[in-house]
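Hi everyone, thanks for coming.

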Amino acid sequence: MTGYERLGRAIDDSVRRMCEGKRVGIAFSGGLDSGLVAALASRYAESVTCYTCGTSNAFDVVAAKDASERLGLPWVHVRITKGIVESTLREMISGTRTTDPFTLSYELQLFCVCREADEEIILTGQGSDEFFGGCAKFVDTSAEDCDKLAAASVERLMTVSIPCEERIGEYFGKTLCYPYLEKDVLDEIGSLDRDDLRPKDMDSRKIVLKTIARGFGFDFLAERKKKSSQYGSGTTDLVRALARENGMMYNEYIAHLCDSELRGEHELRRGSVINARIDPIVKVTAENILQHNGISPSEAVERLYRRIIEKGGLDI
C-alpha cells in the first residue's frame with residue numbers, strides 16, 4: 001500500500017478488531033466508505049453480508065449490487081416502498097424517540113437494515129464524510145471556513161447522529177461498529193496536513209480515503225460516485241410524495257407523525273415548522289454565537305419573528 005500507510009493500517013486494524021472471527025453485517029451503500037469497510041471485513045470475519053436499503057431502482061441499490069458482486073460478497077436488498085415507509089417511520093419515531101426530520105431522513109436506512117439483518121454486529125462507514133472532507137459544502141472553501149464547517153459536522157455526528165444510531169441498535173439488539181471513528185484512526189487523521197483533507201473540487205472529496213482504497217487494491221471503490229443516503233436510497237422521494245398527498249410540506253408531515261406517535265409527551269409540545277436555507281458559514285457562525293449565549297436556534301428565530309411583528313418589517 002502506498003500513500004497514507006499508517007492511516008490505512010489503522011483503518012484495517014480497526015475493522016479487524018471489530019469483526020475477526022465473527023458474523024457481521026455491513027450497512028452498505030455501495031460507495032467508498034462502506035465498500036472499503038466491507039472489503040477489509042471480508043479478510044477477517046467468519047462471514048460478511050452487505051445490506052442496502054432503498055427503492056427498487058434507487059441509485060444506492062444499483063451501486064451496491066454491483067459493488068457486492070465485484071467484492072464477491074453476499075448482498076441483501078432491504079426493499080422500501082411507498083406502502084410501508086409511513087409505518088416504518090412511525091416505528092422508528094416510537095422506538096427511538098427520534099423527532100428531527102433531517103435525522104430521520106438519513107437514519108431511516110440504517111433502521112431498516114438493522115431490522116432486516118440476521119447478524120448482531122453491524123459495521124458502518126459513518127464518520128467518513130465528516131473527517132475525510134466528503135461533504136459538498138466543504139468544496140472550494142477557505143481553510144478557516146472548511147475547519148469551521150467540519151467542526152460543526154463532527155459535532156452533529158457525535159451529539160445527534162451517533163446517539164440516534166445507538167438507540168436504533170438498542171431497539172433491535174444490534175451492536176453498531178464505526179471503524180472510521182476509532183481513536184487510532186482519528187489520531188492518524190488528526191496528524192495529517194489539513195490541506196490534504198480539504199477538497200478543492202467535487203472529485204477531490206475524500207481524496208485521502210480514495211488513495212488508501214487504491215493502496216489496498218480496491219481501485220474501483222475509489223472511483224465510486226455517491227449520493228447522500230436519504231437521496232441515494234430513494235426514501236426521501238417516498239416521504240415527500242406522502243407529504244404532498246396529505247397536503248403538507250416534508251417537515252410538517254414528519255412533525256405530524258411525531259405528534260401522532262408520541263402525543264402527550266412534554267418533548268413534543270412543538271410549534272410550527274419553518275423551512276429555510278441559508279449560507280452554511282452564516283449558519284455555523286451564528287449558531288456558535290447563540291450557543292455561547294445559551295440560546296437555541298428555535299428561540300432565535302422566534303425572537304426574530306416577534307421583532308418583525310413589532311416593527312412591521314425587517315428594519316430591525
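Let me begin with how axes and angles work here: an axis is a line fitted to C-alpha atoms, for helices over the stretch in contact, and angles run from 0 to 180 degrees between N-to-C directions. Helices (H or I, at least four residues) and strands (E, at least two) are DSSP runs, numbered from the N terminus. What you see is a predicted model, where local features need pLDDT of at least 70, side-chain atom pairs count only at pLDDT 80 or more, and totals for chains, interfaces and linings use all residues. Residues are numbered from 1 along each chain as its sequence is written, and side-chain values use heavy atoms, with hydrogens and water left out.

Now, a pair of helices. Helix H2 (residues 32-41) packs with helix H10 (residues 207-215) at an angle of about 30°, and their axes are 11 Å apart. That makes H2 roughly parallel to H10, a label for angles under 35 degrees, while over 145 is roughly antiparallel, 65 to 115 roughly perpendicular and the rest oblique. Which residues make the contact (heavy atoms within 4.5 Å)? From H2 they are Leu 32, Asp 33 and Leu 36, and from H10 they are Leu 209, Lys 210, Ile 212 and Ala 213.

Is Ile 11 buried or exposed? Ile 11 is buried, with a relative accessible area of 0%; buried means under 20%, exposed over 50% and partly exposed in between, using a 1.4 Å probe and protein chains only. Leaving aside neighbours within four places in sequence, Ile 11 is in contact with Leu 40, Phe 132, Tyr 180, Val 185, Leu 209 and Ile 212.

Next, the sheet. It is open, with five strands in the order S3-S2-S1-S4-S5 and parallel pairing. Strands S3 (75-79) and S5 (175-177) stand at the edges with a single partner strand each, so one side of each has no neighbour in the sheet. On average, neighbouring strands of this sheet are turned by 30° against each other, direction ignored. Two strands count as paired if DSSP finds at least two bridges between them, and S1 (residues 23-27) and S2 (residues 47-54) pair in the parallel sense over five bridges. For instance, Ile 26 has Cys 50 in S2 as its bridge partner, and Ala 27 has Tyr 51.

Both strands are mostly covered: four of the five residues of S1 are buried, and so are seven of the eight in S2. Helix H5 (residues 101-116) lies across S1, S2, S3, strand S4 (121-123) and S5, running at about 135° to S2.

Just after H13, Gly 247 takes a positive phi of about 70°.

Conventions:
Contact means heavy atoms within 4.5 Å.
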